[in-house]
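Hello,

Here is the structure I promised to pass on. My notes on what turned up follow below it.

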Amino acid sequence: MKEKVTFGSKIGLIAATVGSAVGLGNVWRFPAETQSNGGAAFLLVYIICVFLLGIPVMLGEFSLGRGGKSSALGVYRKLTPGKKWWIAGAISTLASYLILCFYMVVAGWTLEYFIQSITGNLYDVHASTNSELNHLFSGKMQDYVASPLKPIVFTMIVILINLVTLIRGVKKGIEKMSNIMMPLLFVLLLIFVGVSLSLDKAAEGLMFFLNPDFSKITPSVMVNAMGQAFFSLSLGMGILITYAAYYPKDTKLVGTAVTVSLLDLLVAVMMGLIIFPAVTTFGLTGDNLEGATLVFVTLPEIFTHMPCPQLWSSLFFLLLLVAALSSTISIAEVTVMFCQEHLRVSRKTACYIVLLPLILFSSVCSLSQGPLSGYTLLGMNIFDFLDTVTTNILLPLGSIIMCIYAGWILKPGFLQQELTNGGKFRSWMLRPVTFIIRWAAPVLITIIMISQFL
Ligand code: PHE
C-alpha cells in the first residue's frame, strides 16, 4: 500500500475519483446504451439510479475504505477477521479484471482514432451528402474496429502504456496529467454540444434523448440503466474502497460523493446532447447503430462540420485516451493490489501477472468484433457477453453484498461515524443514505436483477 498516493488537497482527491469515474463509460458506453434502450426513458431511469442507488452505494464504499484503510479485499478481512465476507471483495476483484479485458480494446480504438486523426487518414473522405459521409465513416470504423490485426496492435500499445505506468507507480504523473486534461475535456465537450445543437435535425435527436416514452421502461431497460450507473460511477468493484482508504479524516464523504456523481452525470448528458442530434441529422440507421461503435462514427461526422476537423478530432481523442487511462489504471490497481497482498509478490511482478494475460484476453475480445463474431455466448459475442455479465450481474451483486455488510454486519454506528466524520457535523442525508444502504439498495437491486430473468 505504500506506493499509493495520499491525497493532498480536496480538489486532488475529487479529481482522482472523478478521473476513475469519467472515462469510456460516459463517452462510449452511455450513448450506446441510451440508443439501444429507448432514449429518454433510459436516461430517466439512469438518473434515478444515480441518485437513488449510485450515491448511497458510493458512500458505502467510501465509508468502508476510509474506515478500514485497506484494499477492496483487505477491508473485509480487517474489519471482520476470520469471516467469509472477503468473498465480496473477491467478486469485485474478478469483475474488475473481466472489465479490463474489453475496456482495453475500446481504449485501443481511442488510440487508433487519435493516430488516424493526427495523420489525417480519418478525414481523407470526400462526400457531398450527409448519408454519403455517414457511409464513409461507417466504412472506416469497420476497418479500424473489426479488422483482425490493426485494433489488436493498438490494444497492445494501450496495455503497454498501462504496464509502464503501473510499474513505475507514476500515478502522480497520470494524475497530474488528468487534473489538467479532465477540465479541458469538459470545455471541449461543451463546444461540441454547441456545434451539435446547431445541426439541421438536432431537435429530432433531442426529442429522442430528452422526451421520455414511459412505455419503453421495461425490466431490461432498468437493469441496463442500473448497470450503466454502477459502471460509470466505478461502483461495485472496490475501486472507491481503495481510493477512500487514502482520504484524510476530515474529508466530507457525502459532499465528495455528490460532486463526483454530478460531474460524471454531466459528462454523460453532454455526450447525449452531442451524439443524438448527429444521429438524426446524418441519418444513422440499422447496423450503424450497433451500440458499441456508435460514437466512433458520429463524432467524426460532427468534426467535419467544424473548421479544422483534424485538429478537434486529435485533441478530443487524446483527451479521451487520458480519461480512459485514468480509468484503466484505477481498474487494474484492484487486481495489482490483490496480487501484491495475496500472492506476496513485488509490485512489478504483480503488474506483469495482471497485464500480460490481457494480451491474450483482450485480443480475443477484439477479434470478437470481427473474425470471431460468430462465436457467441447467450447470443452475444464474447466482448458483449463480458460487458453485459460484469455490468449487469457482477457489479450489482458486489454492491448488494457491500451494502449488507456496511449496513448490517458492521457495528450499527459505523456508517454514521464515517458519514459525519465522527459526529463533527450533522448531515440531513445521513438518515436517508443509511436507510438506502440497509434496506432500499439491497432490495431494489435484487428485484431489478431478478426481473431481467422473468
Ligand atoms: N467508470 C469508468 C468509466 O465510466 C470505468 C470504470 C469502471 C472505472 C469500473 C473503474 C471501474 O469509464
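Which polar side-chain atom lies 2.6 Å from an oxygen atom of the ligand? The atom belongs to Y103. The protein covers 100% of the 310 Å² of accessible area that the ligand has on its own (Shrake-Rupley method, 1.4 Å probe).

A word on the basis: this is a predicted model, where local features need pLDDT of at least 70 and side-chain atom pairs count only at pLDDT 80 or more, while totals for chains, interfaces and linings use all residues. Residues are numbered from 1 along each chain as its sequence is written, and side-chain values use heavy atoms, leaving out hydrogens and water.

Polar contacts here are pairs of N or O atoms within 3.5 Å.

By class, the shell around the ligand holds 7 nonpolar, 8 polar and no charged residues, with Gly counted as polar and Tyr as nonpolar.

F102 and F231 are stacked, because their ring centres are 6.4 Å apart and their planes at 20°.

Best wishes

Note on methods
A polar contact is a pair of N or O atoms within 3.5 Å; within protein, one must be able to donate a hydrogen and the other to accept it, and residues adjacent in sequence count only if both atoms are side-chain atoms. Rings of Phe, Tyr and Trp (its six-membered ring) pair if their centres lie within 6.5 Å; planes under 30 degrees apart count as stacked, over 60 as edge-to-face and the rest as tilted.
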